[in-house]
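Subject: Structure for your files

Hello,

Here is the structure I said I would pass on. Please open it beside this email, as the notes refer to residues by number.

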Amino acid sequence: MQQHVQYLQSNGLEVTDMKNQEVFWVKFPTGYRIIMDQQELAKLAQFFKLHEDKGPGVIEMLYRVKKN
């Protein structure tokens with residue numbers, strides 16, 4: 001799990017452990033915030049890796065569109 005946190009942080013996101021690595025508060029560079037569990041955080045890290053050729057802002061927009 002720490003790998004995912006470090007990877008997302010290296011891509012400009014703020015990731016805060018809210019409950020013993022079970023619940024995370026994630027803040028994107030644009031200010032968008034979301035609370036995630038371990039599984040959602042892992043999926044977000046995979047999504048970022050899938051779109052490595054794009055910047056964090058573009059990835060965020062793609063993620064938000066996919067989520068809805």
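This is a predicted model: local features need pLDDT of at least 70, side-chain atom pairs count only at pLDDT 80 or more; totals for chains, interfaces and linings use all residues.

Residues are numbered from 1 along each chain as its sequence is written, and side-chain values use heavy atoms, with hydrogens and water left out.

Helix α1

Helix α1 covers residues 2-10. Helices here are DSSP runs of H or I with at least four residues, strands are runs of E with at least two, and both are numbered from the N terminus. The buried residues of α1 are His4, Val5, Tyr7 and Leu8. Buried means under 20% relative accessible area, exposed means over 50%, and partly exposed lies in between, with a 1.4 Å probe and protein chains only. Seen down the axis of α1, these buried residues fall within an arc of 165°, so they line one face of the helix. The arc is taken from the directions that run from the helix axis to the C-beta atoms.

What do the buried residues of α1 pack against? They pack against strand β1 (14-17), strand β2 (23-27) and helix α2. After α1 comes glycine 12, with a positive phi near 95°.

α1 against α2

The axes of α1 and α2 cross at roughly 45° and come within 9 Å. Axes are lines fitted to C-alpha atoms, for helices over the stretch in contact, and angles run from 0 to 180 degrees between N-to-C directions. That angle makes α1 oblique to α2; angles under 35 degrees count as roughly parallel, over 145 as roughly antiparallel, 65 to 115 as roughly perpendicular and the rest as oblique. The crossing of α1 and α2 is left-handed, meaning that the near helix is turned anticlockwise from the far one by less than a right angle, whereas clockwise would be right-handed.

From α1, His4, Val5, Tyr7 and Leu8 meet Leu41, Ala42, Leu44, Ala45, Phe48 and Lys49 of α2. Contact means heavy atoms within 4.5 Å. The residues of this α1 and α2 contact comprise eight nonpolar, one polar and one charged. Ala, Val, Leu, Ile, Met, Phe, Trp, Tyr, Cys and Pro count as nonpolar, Asp, Glu, Lys and Arg as charged, and the others, Gly among them, as polar.

Lysine 49 lies in helix α2 and counts as partly exposed, at 43% relative accessibility. Lysine 49 and leucine 8 are 41 residues apart in sequence, and 9.5 Å apart in space from C-alpha to C-alpha.

α2 against α3

Helix α2 (residues 38-50) packs with helix α3 (residues 56-67) at an angle of about 125°, and their axes are 10 Å apart. That makes α2 oblique to α3. The crossing of α2 past α3 is right-handed. Leu44, Phe47 and Phe48 in α2 meet Pro56, Ile59, Leu62, Tyr63 and Lys66 in α3. The residues of the contact of α2 with α3 divide into seven nonpolar, no polar and one charged.

Not counting residues up to four places away in sequence, glutamate 60 touches Phe28, Thr30 and Tyr32.

Glutamate 14 is in strand β1 and counts as partly exposed at 42% relative accessibility. With neighbours within four places in sequence set aside, glutamate 14 is in contact with Trp25, Val26 and Lys27.

The loop between β1 and β2 holds asparagine 20 and glutamine 21. Asparagine 20 is a residue other than glycine with a positive phi, near 45°, and is exposed, with a relative accessible area of 67%. Glutamine 21 also has a positive phi, near 60°, and is partly exposed at 28%. Leaving aside neighbours within four places in sequence, glutamine 21 is in contact with Met1, Gln2 and Gln38.

Regards
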